[in-house]
Amino acid sequence: MQLPLPHLREFFSAISLYKKFYIIGFTGSLIEIITNLFGPWSAKLIIDNIMAAGTHKDQLIPFLVRISFFLLSLGLIRAWAIYLQIMYIEKGAHLIAKDLRNKLYEHILKLPFSFHNTTMTGDLMSRATSDVNSIREALGFGVLSAFYCATYYIGIILVLFYINWKFTLITSITLPILMYASIKYRDRIDPLYEKLQEEIARFTTIVQENISGIRVIKAFFKERMEIERFKRQNQVLFDTNMAIIKLQAFYHPLMDFLAAISTGLILFYGGKEIILGRATIGLLVAFSGYLSMLIWPVRHIGITLSLFQRGDVSAGRVLRLLSEKYLPDSGKVEIKPERVKGEVRFEHVYFRYPDSEEPALEDINLVARPGELIALVGTTGSGKSTLVQLIPRFFDVTSGSIKIDGVDIRDIPLATLRRLVAVVFQETFLFSASIRENIAFGKPSASFEEIVECARLAQADEFIRELPNGYDTVVGERGLGLSGGQKQRIAIARALLMDPRVLILDDSTSSVDQETEIKIHRALENLMKGRTTFVIAQRLSTVKKANQIIVIDRGRIVERGTHDELLSKDGFYRRIYDIQWGQTELLLRELSRERSGI
Ligand SMILES: Nc1ncnc2c1ncn2[C@@H]1O[C@H](COP(=O)(O)OP(=O)(O)OP(=O)(O)O)[C@@H](O)[C@H]1O
Ligand SMILES: [Mg+2]
């Protein structure tokens with residue numbers, strides 16, 4: 001049998017970390033309950049005393065003053081007790097949530113590419129926000145309310161039995177029905193809450209994707225379509241909420257009515273007892289007072305259980321995320337980055353993406369000697385990006401090995417490896433921060449001079465100085481406000497600052513003007529100097545200079561050699577060359593012939 005709340009349980013241990021706050025909160029609860037229990041009993045005392053006093057009612061004044069003072073003090077104590085509960089239990093729960101958010105965020109950032117590739121950002125966001133909130137509510141208000149309900153219930157029952165056990169038994173008739181209704185309610189409402197959580201995740205994903213992808217939406221004039229998609233999901237959210245509200249609207253009055261039956265029964269029976277002289281009016285009033293108090297925890301238990309249930313669903317989702325594995329990082333070979341020569345060796349490397357059937361790379365063997373430039377050429381989807389992404393271990397090889405200076409990259413601590421290997425991505429991402437901070441991202445300790453020097457080498461210094469705030473200009477998310485070529489040069493400066501031994505350029509900015517093109521080219525030349533470089537080149541000039549050109553087709557190396565060797569082979573490379581650069585070459589040749597003709 002499965003224990004109740006299998007997932008939420010895992011978080012109960014967090015409570016013990018902050019047990020001080022919980023103990024104070026529970027003590028507050030206990031004090032509040034005790035003060036509440038005095039209420040109906042005081043009413044009984046007043047009524048019975050007035051009834052008993054007969055014609056000498058003026059003698060009762062001192063008694064009334066005393067009891068009023070007593071109740072007033074109780075009120076003060078209760079206020080303080082309520083303060084303790086809210087303050088301390090909520091503090092404990094919020095501290096647990098804070099720790100959990102930190103832990104989750106750290107975990108999400110540490111998870112490998114294979115995870116991020118297949119996970120929706122909105123889903124991650126909703127786990128880090130709304131799921132953590134549900135857990136917090138369960139561990140805060142839920143736990144408090146469970147303690148409160150149980151203690152309150154037991155306290156009232158004890159008092160009722162003490163007052164009159166017969167009355168107690170009679171009123172207990174409807175209690176099982178009330179409890180049954182409360183549990184039934186929970187059974188029906190819980191799946192809806194679960195659905196609500198999923199729909200919120202879907203909703204967040206739509207909003208997040210649309211805001212991130214706003215440029216694509218606008219470019220394709222798809223605002224209408226996306227607004228409709230949003231509206232549909234918003235409607236689903238509304239419908240789910242309405243289904244919950246309908247259940248609440250049905251069960252709450254039903255439970256209220258069941259409680260009224262109890263009260264009716266006791267008034268009837270109690271009235272008879274008074275007539276027969278076996279009970280006082282005060283007793284009956286006190287009794288029905290306690291009875292109405294009893295309904296509260298019984299009704300509340302449903303809400304409490306559903307808080308737990310919701311917390312449990314969220315805990316499950318959070319735990320699943322927390323159980324995602326990191327890339328193994330047990331490498332112990334500490335190599336000094338500055339001593340690394342930069343030989344990169346692929347030995348029988350096979351690679352398959354986690355959810356794919358087909359291998360993306362098969363039997364890759366190559367050696368890049370220190371300082372060499374290796375150009376990867378191949379049709380789209382042939383596996384070029386995949387190949388280079390294995391070097392910084394964005395993914396691990398399925399079999400075979402990759403070695404830097406003879407050391408398997410899996411034996412090098414990840415932190416060292418990522419320092420050794422820098423990547424300039426196909427798509428440049430800049431943070432919404434100043435340009436200076438963006439360049440210094442990998443090395444925040446860098447001096448301003450170093451940053452400027454790297455920007456200069458990256459051919460970026462000039463345009464940065466022309467910006468309104470120079471290096472302190474804040475660029476928007478994804479570098480909005482800068483051109484593609486400018487962004488790329490900032491990314492190059494960022495990589496330069498790291499002074500990597502191995503450099504990877506997944507380079508596809510072919511759509512910049514001639515001048516920028518020349519600048520980027522110069523920037524890259526500076527970047528490649530003295531480093532082993534893998535470049536997925538779109539520029540023929542780069543490919544021509546390469547020490548080795550690796551031609552990839554469908555995940556296999558089909559040709560290798562220098563530009564001249566491969567051209568003369570008349571094979572795969574020749575064909576790619578003809579299609580991709582042949583025309584340009586011809587044009588350039590004609591152009592230079594014309595010019596020299598002038
Ligand atoms: N994250 C991924 N999960 C599953 N399959 C992938 C993933 N990324 C790429 N692939 C597949 O692996 C193969 C190689 O892709 P890769 O991105 O390496 O090609 P490429 O040579 O870089 O292409 P391009 O020139 O268009 O950039 C393709 O069939 C692609 O569909
Ligand atoms: Mg690619």
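A residue is called buried when its relative accessible area is under 20%, exposed when over 50%, and partly exposed in between, with a 1.4 Å probe and protein chains only. By this definition C149 is buried, with a relative accessible area of 2%, and C454 is buried as well, at 9%. A search of the whole structure finds zero disulfides, a disulfide being a pair of cysteine sulfur atoms within 2.5 Å.

The model is predicted, and local features need pLDDT of at least 70, while side-chain atom pairs count only at pLDDT 80 or more. Residues are numbered from 1 along each chain as its sequence is written.

Two packed helices are described by the angle between their axes and the distance between the axes. Helices (H or I, at least four residues) and strands (E, at least two) are DSSP runs, numbered from the N terminus. The axes of helix 7 (residues 174-212) and helix 9 (residues 223-275) come within 10 Å and cross at roughly 165°. Helix 7 is therefore roughly antiparallel to helix 9, a term for angles over 145 degrees. The residues of this contact between helix 7 and helix 9 comprise 24 nonpolar, 10 polar and eight charged.

Strands of a sheet pair through backbone hydrogen bonds, either parallel or antiparallel. Here, four strands form an open sheet in the order 2-1-4-5, with antiparallel pairing; two strands pair if DSSP finds at least two bridges between them. Strand 2 (361-368) and strand 5 (407-408) are the edge strands, each pairing on one side only. Strand 1 (residues 344-351) runs antiparallel to strand 2 and is joined to strand 2 by five bridges. R345 stands opposite V367 in strand 2.

Definitions and conventions:
Chains lettered and ligands numbered in written order. Heavy atoms only, no water. Axes fitted to C-alpha atoms, helices over the stretch in contact; angles between N-to-C directions. Parallel < 35°, antiparallel > 145°, perpendicular 65-115°, else oblique. Nonpolar A, V, L, I, M, F, W, Y, C, P; charged D, E, K, R; others polar.
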